[in-house]
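Student: Could you take me through a close look at one part of this model, the sheet and the helix that packs on it?

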Amino acid sequence: MVNTQEIRIRTKGNCDVVDITGRVSEAVDQAGLVEGTVTVFSVGSTAGITTTEFEPGLVNHDLKAAFEKIAPQEGRYEHEETWHDDNGHSHVRASLLGPSLSVPVVDGRLTLGTWQQIILVDFDTRARTRTVICQMIGSECA
Ligand code: ZN
């Protein structure tokens, strides 16, 4: 079976990290997926998806600090010259993190570690409501 669901996530922007594990897990439950894969994909080019241990040091400080080193907010970006906006760093960070994640589902459960949550990181410079597609492929319960 293939089942596609859309979830909406409110963010504060500016490297806001949101734990979306519960929402993805709900999508898997609703689809009735028992064995297969869920692909979690963020629509748009200024946010990314990955996993982390969702604890304050990492999500409020360490990840932001790492991205600030890789693509500083105050850097000079051709994108901003072209479009006269302020989010060149947002695009670069999102490209490097990547927009999607695949998680194997076994016995109806996401095969995540105990200290591994699925996160959406919004790099844009303002609050956004993000659309995340969860597409489940595999077998459902009989
Ligand atoms: Zn832009």
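Tutor: In strand E6, Leu110 is the bridge partner of Val105, and two bridges join E6 to strand E5 (residues 100-106), the two running antiparallel; strands and helices here are DSSP runs, of type E with at least two residues and of type H or I with at least four, numbered from the N terminus. This is a predicted model, in which local features need pLDDT of at least 70 and side-chain atom pairs count only at pLDDT 80 or more, while totals for chains, interfaces and linings use all residues. Residues are numbered from 1 along each chain as its sequence is written, and side-chain values use heavy atoms, with hydrogens and water left out.

Five strands form an open sheet with antiparallel pairing, in the order E1-E8-E3-E5-E6, where two strands pair if DSSP finds at least two bridges between them. Because strand E1 (2-11) and strand E6 (109-110) each have a single partner strand, they stand at the edges, and one side of each is left without a neighbour in the sheet. Helix H1 (residues 21-31) packs on this sheet, touching E1, strand E3 (33-42), E5, E6 and strand E8 (128-140), and its direction makes about 155° with that of E1; contact means heavy atoms within 4.5 Å, and axes are lines fitted to C-alpha atoms, for helices over the stretch in contact, with angles running from 0 to 180 degrees between N-to-C directions.

Within H1, the residues Thr21, Val24, Ala27, Val28 and Ala31 are buried, meaning under 20% relative accessible area, whereas exposed means over 50% (1.4 Å probe, protein chains only). Seen down the axis of H1, its buried residues fall within an arc of 125°, so they line one face of the helix, the arc being that of the directions from the helix axis to the C-beta atoms. Asp29 and Gln30, on the other side of H1, are exposed.
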